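Please keep the sequence and the structure in view while reading.

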Amino acid sequence: MSDLQTQGQPPAGNPATAAAPASTSSRTSRIPLPESTLLRHLLAVLVCAVAAVVLLEITDPFRNSQLATLSYYAIAAGGLTVLTGLNGQISLGHGALMAVGAYTTGLFLSADEPLPLPLIFLAAVVVTSLVGALVGAAASRLHGPYLAGATLALAVGLPGLALKFKETLGGDQGLRVRAPRAPDWFGEAIKAVSGNPASATKWLAYVGAIALLITYFLLANLVRSRIGRTWRAVRDNDVAAELAGIRLGSWRVLAFVVSAACAGLGGAVLAIVVRLAAPSAFTLVLSLALLTAIVLGGLGSLLGALIGSALLVFLPQLTTDLGSAAGLDGTEAAQLAPFVYGVVLVVAMIFAPAGFVGTIRLRWLARRAKRAIARESGR
Amino acid sequence: MTDVSVAFGGVTALSEVSLVVEPGQVHGLIGPNGAGKTTLFNVACGIVRADSGSITWRDRQLRRLRPDQLARLGIARTLQGVGLFAGLTVLENVMIGAHRHARAGFASALFALPRSDKDERELRTRATAALADLGAEHYADRYPGSLPYPVQKRVALARALVSSPDLLLLDEPASGLAEDEMRELGELIRTLSGRMSVLLVEHHMDLVMSVCDRVTVLDSGRLIASGTTEEVQADPAVTAAYLGEDVDVAHDAAELHSGDHSERAHRA
């Protein structure tokens, strides 16, 4: 009940007013959280890291590989939700940007003495960011359907480069990626934690989880900061934003670069998990799947991007299993997945048009506004 | 602003208009609909580029600058209507207004460095103070869509004021306000003039006449009168422009007022 009133008390200089967590605007919880954004977010990362370890250790190798798949979808979707949800730019080209990251990773790993994995990932991020800056510079001048069209061209055109440069990029067959082997300390650490054998799959799942945590930590920092606020302002009203001193073009390009960097890292993780970078993996379908994930989860929400990606990864498997259990044969059960997926989409758009996280947030905001109005009239 | 002309296609919106806003003065800009008031505003804040003429502010040439560059030079503007960011809370809206005072960069935000937190605290303090100045601090955590129109207008004004501009452009700040709210607004504008120059476009003639030091009258893109409020009220060309005919100059305050009303009726 108190935060509106604290905010409303004496004007400037009141430390309590200044320190109230208003950028996180919606917090009314009574759990004392650290005031520093860094500490708060590190705490969240720690909790999520523990949860990830537990999840990866109680599940079998097959689920481990599914979780690795989830990690690269979620990394790319996290970047896309920042671009589309916070800055209002649509991109149908993120699948192609993932391809850039994947091929970069594949090429670096094919060296005789490959660089350490973190450096290779960093290279993938940098290369994809550069491509993203180019695309973003063009995109910042376009809106809505025109932007969708331009990025669509990217999605369709870029994988074609692999066919053009058969020698280095492997053409239609794609580029075999030598997944790096797990270091010795990893096996010992896993043995110490859970006693499970440390398979190659498990190692890749951990790499994916670490990359995911780092990405979401950095994205959450941006979202909570002035950067995120400025992106949202540009999205809501570009004229007013420009009058407030915001250079629209640069901020749009920045959003595109950040988002492309995530797609690049997602592509890099994909390359080592799938052990292949091939044009067929980066079609328009991938770009659309990412968009679907963030819309289902709730635009602009990182948690939503994660939930949407999880749906993308687990729903087909789940329906196929249910289908088999219900007595369908293999083919029929597999055909069930796209059908159920479609139904989920339609149902979500009817009952939760703002996505799962978005709809819950809207409900909550509506309730809070009602309470505030009731309080005002009671005053 | 000297000899500014703007044409859209073949239509001349402004033709060789000159206007000087003195430091610390409130300058009114009036004229019938289609007179070019909004175009002149758009030129002054960089949304529209003048075809010819020159715009100078503190010895700087402004004609070729973008709105964001002008804003960083200390020229703030409110929009006709409200123009708030619907997805941002009231406080966040005002914090955006303080954009030009933000110091922390991308890297400190990316890694959530203390520098970024400190910057945010300062912006928040500034924004809260600006809201408190206008008596809107109770609404800090609300979203603009859930607030009554007059409150939204106050928030929009706070967003312009929080940047401590040197020149404030107010585009119809009184539209949609009740009588007493308009009086408060008038008093507020008078107090502002000590801190900054104000250029005001407004249809409510009594407000313009009570707060402005000087007034410029436009009609069909041309400047037809400029001077103190008394001089302008006594100018027959002004009454003619408003009522379309020459009338007894002695009545003009009342006539102007009714002219203003009929004009609003036209707009509605």
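## Overview of chain B

Chain B contains 11 helices and 11 strands; helices (H or I, at least four residues) and strands (E, at least two) are DSSP runs, numbered from the N terminus. The model is predicted: local features need pLDDT of at least 70, side-chain atom pairs count only at pLDDT 80 or more, and totals for chains, interfaces and linings use all residues. Residues are numbered from 1 along each chain as its sequence is written, chains are lettered from A and ligands numbered from 1 in the order in which they are written, and side-chain values use heavy atoms, with hydrogens and water left out.

## The six-stranded sheet

Six strands of chain B form an open sheet with mixed pairing, in the order 7-8-9-3-10-11; two strands pair if DSSP finds at least two bridges between them. Strand 7 (75-77) and strand 11 (222-228) of chain B each have a single partner strand, so one side of each lacks a neighbour in the sheet. From one strand to the next, the twist averages 15°.

Strand 8 (residues 167-171) and strand 9 (residues 197-201) of chain B run parallel and are joined by five bridges. B:Leu170 has B:Leu200 of strand 9 as its bridge partner.

## Burial and contacts

Of the 268 residues of chain B, 56% count as buried, meaning under 20% relative accessible area (1.4 Å probe, protein chains only). Among contacts (heavy atoms within 4.5 Å) in chain B between residues at least 6 apart in sequence, 65% join residues at least 24 apart.

Notes
Axes fitted to C-alpha atoms, helices over the stretch in contact; angles between N-to-C directions. Buried < 20%, exposed > 50% of the residue type's maximum accessible area, 1.4 Å probe, protein only.
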